[in-house]
Amino acid sequence: MIKVSQLTKKFGSHLSLDSVSCEFHKNESIALMGANGAGKTTLIRSILGYYHPDSGEVLIDGLNPIKERVKVLKNISFVPQLPPPIKLSLDELMHYVCTSADVDKELILHYANEMKLDLKSNLNKSFFKLSGGMKQKMLIAISLAKKSDIIIYDEPTANLDPQARDDFYRLLKQNEDEKVLLFVTHRLEEVKELVNRQIYMDLGKVVSDEKI
Amino acid sequence: MKNLYLIAYLDLKESIRAKWFLVYSLVFGGLIALFFIAGVTESQVMGFSGLSRLLLMYIQITIVILPIFILITTVRSISGDRDNHILEYMLSFPISLKQYYWGKIIGRFITVYLPVFFAMVIAVLYGAIKGAAIPWSIFFLYTGLLFALSSAFLGIAFFISSFVKSSEVALGIAFFIWIFLLAFIDIALISLMMQQRFNPQLILFLAMINPMEIFRVAAISLFDPELTVMGPVAFYILDSMSQGIFVLLSVVYPFSIGLIFAFLGFKIFEKKDLV
């Protein structure tokens with residue numbers, strides 16, 4: 001489903017990814033780990049088609065995420081580590097998501113409800129005015145409602161309280177079939193019940209890749 | 001196409017809620033109100049009176065403040081979104097870069113153009129109620145000139161925004177461009193260059209490629225065909241081509257500049273790392 005081949009990405013003289021190769025297949029839940037600066041976020045952004053590689057390539061179902069970004073991104077849900085300060089209201093953000101990615105608004109409301117996020121009374125509130133936890137819940141609800149085959153979470157539980165984390169993992173369990181789940185995390189114990197593969201990166205290289 | 005309109009619509013809504021838009025609208029609406037309160041329409045200076053006089057003053061001030069307003073408020077649109085990771089999230093949805101970029105431009109263009117246009121409409125309506133003669137030719141010329149000037153600086157702002165990584169740097173570049181172009185209008189450095197006997201071809205070239213100078217000459221040419229208040233370069237320009245052709249040029253040229261810079265900005269945006 002995702003094929004990364006000999007991917008190298010430099011920023012100036014800094015080598016962020018050093019000839020990384022790996023593949024992710026259906027029904028795999030992967031914990032992507034490593035110290036700060038190991039190259040995890042660069043790898044994720046390359047999968048999303050944000051970076052032009054210095055060499056090597058990424059293919060998602062055989063498609064290049066830079067050249068075929070619309071086709072590729074139809075099938076990817078992404079939640080960043082820190083919710084960005086989007087100034088749109090929640091209603092406008094949902095309008096953006098529903099129109100651009102053909103997402104059912106009712107599904108967003110459903111998953112928001114499951115995450116204990118009271119969306120209906122906050123529809124006209126700016127996204128950036130929500131608390132950190134509420135923002136994260138909203139992004140998670142959108143990611144699940146999008147029904148993508150590939151779900152990428154960059155430290156998704158950083159702002160969530162223990163109850164919200166449990167809700168999140170419960171919903172993921174219900175939605176993981178036939179998907180690739182990619183978690184960037186520093187805390188394996190939190191996702192160990194979900195993941196079946198662990199990749200450790202250091203200095204832009206994959207240093208270990210094992211099934212668990 | 002639906003995504004293009006979606007981006008334009010959301011950018012427009014977001015901009016209208018922003019504080020800068022309130023200030024922006026108040027400045028241009030306030031200018032018109034101030035002119036009426038100050039009795040500009042009743043005054044006669046250098047032969048201009050009534051609404052023509054008011055529109056002339058409005059356009060003179062607009063030459064100076066519209067470009068910097070557009071540059072400052074627009075130059076951060078993409079670089080700012082990149083800075084605070086909004087781009088990273090919003091572009092994780094299946095929207096093409098073309099739709100995102102041009103949608104932003106359309107939304108922002110409506111935001112910056114409508115207040116300056118409506119300020120003129122309000123002036124004309126108020127003048128009509130007061131029984132003043134409405135100078136339609138000037139009104140339509142200024143509508144076209146403001147459209148062209150807004151396009152030029154919007155295109156330049158998006159061009160800067162596409163390659164600058166930090167919004168502070170983008171602001172600095174925008175401010176420099178504004179000062180630079182402002183300095184090269186007829187009554188500033190250009191006059192000094194003439195005094196210093198620079199090559200006339202060079203002086204004319206500098207004047208003709210500056211959208212602010214083109215805008216200024218076209219805006220005042222309807223009032224003062226002899227151009228006694230405009231400066232020597234403007235006089236020479238209008239002496240060497242007909243007023244009609246120059247007015248056409250003054251709309252087409254800045255608009256083309258805007259399109260070219262916006263297009264170059266898009267090419268950079270497409271070729272560079274997005275975040």
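Strands β1 (residues 2-11) and β2 (residues 14-24) of chain A run antiparallel and are joined by seven bridges. Helices and strands here are DSSP runs numbered from the N terminus (H or I with at least four residues for helices, E with at least two for strands), and two strands pair if DSSP finds at least two bridges between them. This is a predicted model, in which local features need pLDDT of at least 70, side-chain atom pairs count only at pLDDT 80 or more, and totals for chains, interfaces and linings use all residues. Residues are numbered from 1 along each chain as its sequence is written, with chains lettered from A and ligands numbered from 1 in the order in which they are written.

**Strands of chain A**

- L7(A) has V20(A) as its bridge partner in β2(A).
- Two residues lie between the strands in the hairpin of β1(A) and β2(A), where G12(A) takes a positive phi near 65 degrees.
- β1(A) also pairs with strand β4 (residues 55-60) of chain A, in the antiparallel sense over five bridges.
- K3(A) has L59(A) as its bridge partner in β4(A).

**Helices of chain B**

- Helix α3 (residues 50-74) and helix α8 (residues 167-183) of chain B have axes that come within 9 Å and cross at roughly 160 degrees.
- That angle makes α3(B) roughly antiparallel to α8(B) (the term covers angles over 145 degrees).
- Residues of α3(B) that meet α8(B) include V64(B), P67(B) and I68(B), and their counterparts in α8(B) include L171(B), A174(B) and W178(B) (contact means C-beta atoms, placed from the backbone, within 7 Å).
- By class, this contact of α3(B) with α8(B) has ten nonpolar, no polar and no charged residues.

Definitions and conventions
Axes fitted to C-alpha atoms, helices over the stretch in contact; angles between N-to-C directions. Parallel < 35°, antiparallel > 145°, perpendicular 65-115°, else oblique. Contact = placed C-beta atoms within 7 Å. Nonpolar A, V, L, I, M, F, W, Y, C, P; charged D, E, K, R; others polar.
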